[in-house]
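This briefing concerns the structure shown below. Topics are grouped by element.

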Amino acid sequence: QAIAQIWQELLGLERVGRNDHFFELGGHSLLVISFIERMRQCSLSIDVRTVFTTPVLSALAEQLSRDPVDSGPSIAPNAITVDTRAITPELLPLVKLTQEEIDGVVASVPGGVANIQDIYPLAPLQEGILFHHLLESESGGDTYLLRSVVAFDSRRRLDAFLDALQTVIGRHDILRSSIYWQGLPGPVQVVHRRAPLPVNELILSAGAAVLPQMLLRTNPRQMRLDLQRAPVMAAYTAFDADAGHWLMVLMRHHVVCDHVAMSMILSEIELLLLGNFERLPVPMPYRNFIAQTHAIPEAEHETYFRAQLGDVHEPTAPFGVLDVQGDSGVSKSSIALGDNLARRIRDTARQQGVPSAVLFHVAWAQVVGRCSGNADVVFGTVLSGRLQGSEGADQVVGMFLNTLPIRIPLAQVSVGVAVHDTHRRLSELLEHEQASLALAQRCSGVQSPLPLFTALLNYRHSHDAGGSAGTEDSVWEGIQILSGDASNNYPLTMSVDDEGKGYALTAMSVAGVDGERLTFYMQTAIEALVTALETDATRPLLSLSVLPASERDQVLYGFNATATDAV
């Protein structure tokens, strides 16, 4: 009954029965995060793998009755207080530092000890992002520097937004954190008690368009933020007299904020602009997530990835592109899937009892396989990082995402078997969603410095972002998001935006790889997969095509037009 009540609330249903299936009812990974947290609030505990592998309500309830409530690893409280005059190793339970190392960190923080709330390690993906930040120090740009451009119809509205953002920064420890690594055995993040947002009003050339000048001055490929200064954000403003509005460019670093966190930030800004301070959720500390992540023995992750990847000896590299040290955002191409195809994808996923994301993983495996010449592929998948059941995981602002390899065999397997095998593999991978990518790559047979994979799939639930922004007569009236930039270090990324009803595909690719063609390959692959599941799930997976009809005709007939006049 408790599970049924939670499902009704999460899925917007009037009734849920004992034989109902979470994913057939429309559940997905973001709702699993909320489900696990609601269960915790009812003093019930369930792990993510059980939800994915036992999604029928009665079976899930039976599993609960067998397993005791797991409160998770105990987390040592933060021992630093506002009265602390000196930080010693004993006051830092989450990280091992000598007194000399601590003193070096303290000296780097404006205000010293009085402005330090906590010090703890980085999450796995944060470490990877820091690696690329340092790698690109000579280039003058930063792959993981994110940019958003927002227009305001008045200076008053701009100032109110900035004030609200500063309040949100003050509420969340991760937004007041800087990264420190010099002279340390490993990087740490330092939580500041005060972190004023830098707001820079730009002086631009008269007579020239304002927006292009602002974009040039804030180009993420030509500017950097100092990760050792909090917040790792900055705002740039200018008045556009021709358009009659104020423009703000907000720069923020991916090391402290992911897609879900940005949605939470916007939701809190909305409440503050409405004056609904009492409705703000109690801020949850990011340190608890870090403590839980580091409490899992590395050996558990190593055993899993050695079993999965130990016999993989060659990189999966579509089109032979092996460079994963650069910026993949050279070109960007997007298409929206038609309404009919989107409906068929959701219906088919429900009939198969899997999330829609599973179908897109199988389709992307097909594309990667054909473009790399492999029938056993490995590619990176972006994981939410919030599925391990840490307290308040659906409310914590921070960087939770992680990228890990998934291996999908394509040969000698039917369409139906491939879908359920991929579902199983993704469910198992979720148990290790905060493992280090470097560890996973070391567990493979691919010899360094070659990468294990160079293609990435990012499945994201875009319809949950931004609160009620954009609704008529809302607090967002007079505020318009003009653009947003995001990139990563992979030469080929396919993003699937789940918009609630429809889907959009976006390919980011390096020079020499046609991203637009890749989106059409992906569209063809997912449509062929759905059609096979609808008609004959026993068909061999490799019998499905990823080539659109026009390109297939070109390959078969256009390139083979050998009829010529005899000489």
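Strand β4 (residues 188–192) is mostly covered, with 5 of its 5 residues buried; buried means under 20% relative accessible area, exposed over 50% and partly exposed in between, with a 1.4 Å probe and protein chains only. The model is predicted: local features need pLDDT of at least 70, side-chain atom pairs count only at pLDDT 80 or more, and totals for chains, interfaces and linings use all residues. Residues are numbered from 1 along each chain as its sequence is written, and side-chain values use heavy atoms, with hydrogens and water left out. Helices (H or I, at least four residues) and strands (E, at least two) are DSSP runs, numbered from the N terminus.

**The sheet around β4**

- Both faces of β4 are covered, as Val188, Val190 and His192 on one side and Gln189 and Val191 on the other are all buried.
- An open sheet is formed by 3 strands in the order β1-β4-β3, with antiparallel pairing; two strands pair if DSSP finds at least two bridges between them.
- The edge strands, β1 and β3, each pair on one side only.
- Strand β1 (residues 116–121) is joined to β4 by 5 bridges, and Tyr120 has Gln189 as its bridge partner in β4.
- Strand β3 (residues 177–180) is joined to β4 by 4 bridges; in β4, Ile179 is partnered by Gln189 and Ser178 by Val190.

**Helices on the sheet**

- Helix α5 (residues 99–108) lies across β1, β3 and β4 and runs at about 130 degrees to β3; axes are lines fitted to C-alpha atoms, for helices over the stretch in contact, and angles run from 0 to 180 degrees between N-to-C directions.
- Helix α10 (residues 287–295) packs on the sheet, touching β1 and β4, and its direction makes about 25 degrees with that of β1.

**Helix α8**

- Val210, Gln213 and Met214 are buried in helix α8 (residues 210–217).
- Seen down the axis of α8, its buried residues fall within an arc of 100 degrees, so they line one face of the helix; the arc is that of the directions from the helix axis to the C-beta atoms.

**Nonpolar cores**

- The largest nonpolar core has 165 residues, and Ile265, Tyr286, Phe305, Phe360, Trp364, Met522 and Leu529 touch the most other members; such a core is a set of buried Ala, Val, Leu, Ile, Met, Phe, Trp, Tyr and Cys residues joined through side-chain atoms within 4.5 Å.
- Helix α13 (residues 356–372) gives the most to this core, with 11 residues.
- A second, separate core of 17 residues includes Leu91, Val95, Ile102 and Tyr180.

Terms used:
Contact means heavy atoms within 4.5 Å.
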